[in-house]
Amino acid sequence: MDHAMKVLASCDSVYFLEHHEAFYYSALEQGLTPFINVVNPTKEVQNLVEKLENVDYSFYKGTPSRASLACNRFFIAEDYIEGGILITDIDCFFNKEMPHISEDIGLFLREEQAFTGMRVAAGILWLKGNTASRVFINAVTNNIRNLDKNWFVDQKAIYETYCKLKDDLSIFKFTNVHMDWEFTSESCIWTGKGSRKYKNKTYLERKREIENGNNKDI
């Protein structure tokens with residue numbers, strides 16, 4: 001790649017403490033530039049990240065809901081979009097180099113699903129940083145604002161926006177080769193979907209391998 005692909009995740013302090021090392025250091029290992037945005041960071045988190053680059057904060061009044069936390073990465077995407085940004089989950093990590101993507105946006109489509117909120121996986125989204133991708137993510141966030149803040153609201157908003165704008169976009173289609181939650185050796189990204197992040201032996205062993213390979217005094 002001509003320059004390092006940027007990758008963005010957003011989370012609260014609890015998820016940051018649980019997952020940031022594997023996300024952050026595996027990204028670096030695969031030639032990516034990781035960015036993490038922490039919502040309402042605790043003092044512990046703020047002290048911890050003093051020696052980490054590219055960790056920023058968002059502040060919500062009160063305690064945001066799970067759905068609001070899941071959506072935050074899309075609302076802040078505009079701050080990181082210049083030059084392109086890959087948006088993922090904080091509980092994922094990178095096992096292989098991501099391919100170069102030249103399309104306006106990249107989506108993991110699952111259009112065979114009956115429920116609109118499941119027809120795209122929000123755990124990976126590419127934005128090129130050009131006008132078309134900016135129009136797309138602005139439409140997504142506007143759609144989120146107008147929908148009930150239930151779980152899967154981000155995926156519903158992304159899919160509806162894709163259906164509306166797809167004829168005006170070039171689209172890269174992610175597959176299980178790029179991201180999967182069955183933890184196969186072929187995939188670039190393993191994501192800790194649901195209880196897998198706490199129970200799956202393969203996922204946990206790889207996560208510990210990444211964590212143990214990095215300096216603990218940071």
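Let's start with the contacts of Ser 187. Leaving aside neighbours within four places in sequence, Ser 187 is in contact with Asn 95, Lys 96, Asn 176, Val 177 and Asp 180. Contact here means heavy atoms within 4.5 Å.

A word on the source. This is a predicted model, where local features need pLDDT of at least 70, side-chain atom pairs count only at pLDDT 80 or more, and totals for chains, interfaces and linings use all residues. Residues are numbered from 1 along each chain as its sequence is written, and side-chain values use heavy atoms, with hydrogens and water left out.

Back to Ser 187. It sits in the loop between β9 (179-180) and β10 (189-191). Strands are DSSP runs of E, at least two residues; helices are runs of H or I, at least four; both are numbered from the N terminus. Is Ser 187 buried or exposed? Ser 187 counts as buried because its relative accessibility is 0%. The cut-offs: buried is under 20% relative accessible area, exposed is over 50%, partly exposed is in between, with a 1.4 Å probe and protein chains only.

Its side chain has polar partners. One is the side chain of Asp 180, at 2.4 Å. Another is the side chain of Trp 190, at 3.0 Å. A polar contact is a pair of N or O atoms within 3.5 Å; within protein, one must be able to donate a hydrogen and the other to accept it, and residues adjacent in sequence count only if both atoms are side-chain atoms.

Trp 190 leads us to the rings. Trp 190 forms one aromatic cluster with Phe 93, Phe 183 and Tyr 203. The structure holds 13 aromatic pairs. Rings of Phe, Tyr and Trp (its six-membered ring) pair if their centres lie within 6.5 Å; planes under 30 degrees apart are stacked, over 60 edge-to-face, the rest tilted.

Next, another serine. Ser 58 is in strand β3, residues 55-58. Ser 58 is buried too, at 12% relative accessible area. Its side chain makes a polar contact of 2.8 Å with the side chain of Asn 37. Beyond four places in sequence, its contacts include Val 38, Pro 41, Asn 72 and Ile 76.

Finally, the whole chain. How many helices and strands does it have? There are 7 helices and 10 strands. Buried residues make up 52% of the 218 residues. Of the contacts with a separation of 6 or more, 70% join residues 24 or more positions apart. The C-alpha atoms fill a box of roughly 50 × 40 × 35 Å, along the principal axes.
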